[in-house]
Amino acid sequence: MATGTGTQTGTTEETRGAGTALATGRAGSGGGRLRRGLLAALVAAAVVVPVSAAASPNVPAPAPATFSEDATPRSRYAANSANLAEAARTAEDADRPGRAARLRAMAAAGAAQFLTFDGRGRGRAVEVFGELESADRVAVLVPGSDTTLDTYERFRAGAVSLQQRLQTEHPRSAVVAWLGYDTPGTVSTTVLSADRADAAAGELAPFLEQLHGIAGPGARISLLCHSYGSVVCARTATGSAVSDVALFGSPGTGAGSARELPTGARVWAGRGSGDWIGNVPHVRLGGIGFGTDPVDPAFGARAFAAGAVGHSDYLKPGTESLDSLAAITLGTTPASEADHG
């Protein structure tokens, strides 16, 4: 359930084929066949990027910078920029030229704004696009599986696309790309359960409270959650910091309805007609799977139109899904699926 804006040529058909092969394998009983079929379908749905794109957990890097609670965003940006540059040098010295090159690209010629950066292993990064301290509209993007420092370019591209779209209507806006958790691997048992999401929610909730104090006075914060990231958001207690939660490309949340989510925010859900994740069985069995489809009217979320996009295309420029997510962030009314009926 990877996130990003890049097109994954051929991957969908390959993973569907792999899922079909697994699902048609022998099982000892009817229940075994059901479990195996569910497992295969979820694994197939999870695989969007090549396995070779996954980061090595052993990539060396310096320890992340530490900050006092009252550290300003500017001081964080400067310290994390220096840490990122040191991480690139460390990766180069360790004969990891690919990681080094990707880290240098993340540095964006010194213009990048990282509230958090940790170059160790798969990595973590929280990057800001726009002037956060004066922004009164802030979108926080939460990615899905296999989003790491080695696949970060796709995640960043989506954040940039959203920020550019917001700026056309509201200059005092900002986007925060929150890779603040260890995303599950696309082919792993971790992607089939909520364990990583539960751990991530424990990181995201306090971050949102902190962000509310950093952004402009009275800032409206929206949580935009893609794929496995929607499982994370569904477990995050948002308090009063967040006005809207949007779930897109979601495999389910583990909750039976929007009312069960630990938030008082408005909950939105959308899925593109070209998103294969709609074919994933929305069931939960023995801790595997995520249950009710968020775009099902029975879930109770507000529907937003996503057009014909595929699983990795929700934040691509010019898409209806991007327009809808921008409208949610700005507090205007997005087009709904009902409008297209």
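Colleague: Which residues touch the most other members of the largest nonpolar core?

Modeller: First, the idea. A nonpolar core is a set of buried Ala, Val, Leu, Ile, Met, Phe, Trp, Tyr and Cys residues joined through side-chain atoms within 4.5 Å. Buried means under 20% relative accessible area, with a 1.4 Å probe and protein chains only. Here the largest such core has 42 residues, and Leu132 and Leu223 touch the most other members. Helix 6 gives the most to this core, 7 residues.

Colleague: What kind of model is this, and how are residues numbered?

Modeller: The model is predicted: local features need pLDDT of at least 70, side-chain atom pairs count only at pLDDT 80 or more, and totals for chains, interfaces and linings use all residues. Numbering starts from 1 along each chain as its sequence is written, and side-chain values use heavy atoms, leaving out hydrogens and water.

Colleague: Which residues is Leu132 in contact with, beyond its neighbours within four places in sequence?

Modeller: Contact means heavy atoms within 4.5 Å. For Leu132, the partners include Tyr77, Val138, Val176 and Ile214.

Colleague: Why is strand 7 largely enclosed?

Modeller: Strands are DSSP runs (E, at least two residues), and helices are H or I runs of at least four, numbered from the N terminus. In strand 7 (residues 266-270), 4 of the 5 residues are buried, so the rest of the structure largely encloses it.

Colleague: How many bridges join strand 6 to strand 7?

Modeller: Two strands pair if DSSP finds at least two bridges between them. Strand 6 (residues 242-248) runs parallel to strand 7, with 5 bridges. Ala246 stands opposite Trp268. Strand 7 also runs parallel to strand 8 (residues 302-303), with 2 bridges.

Methods
Buried means under 20% relative accessible area, exposed over 50%, partly exposed in between (1.4 Å probe, protein chains only).
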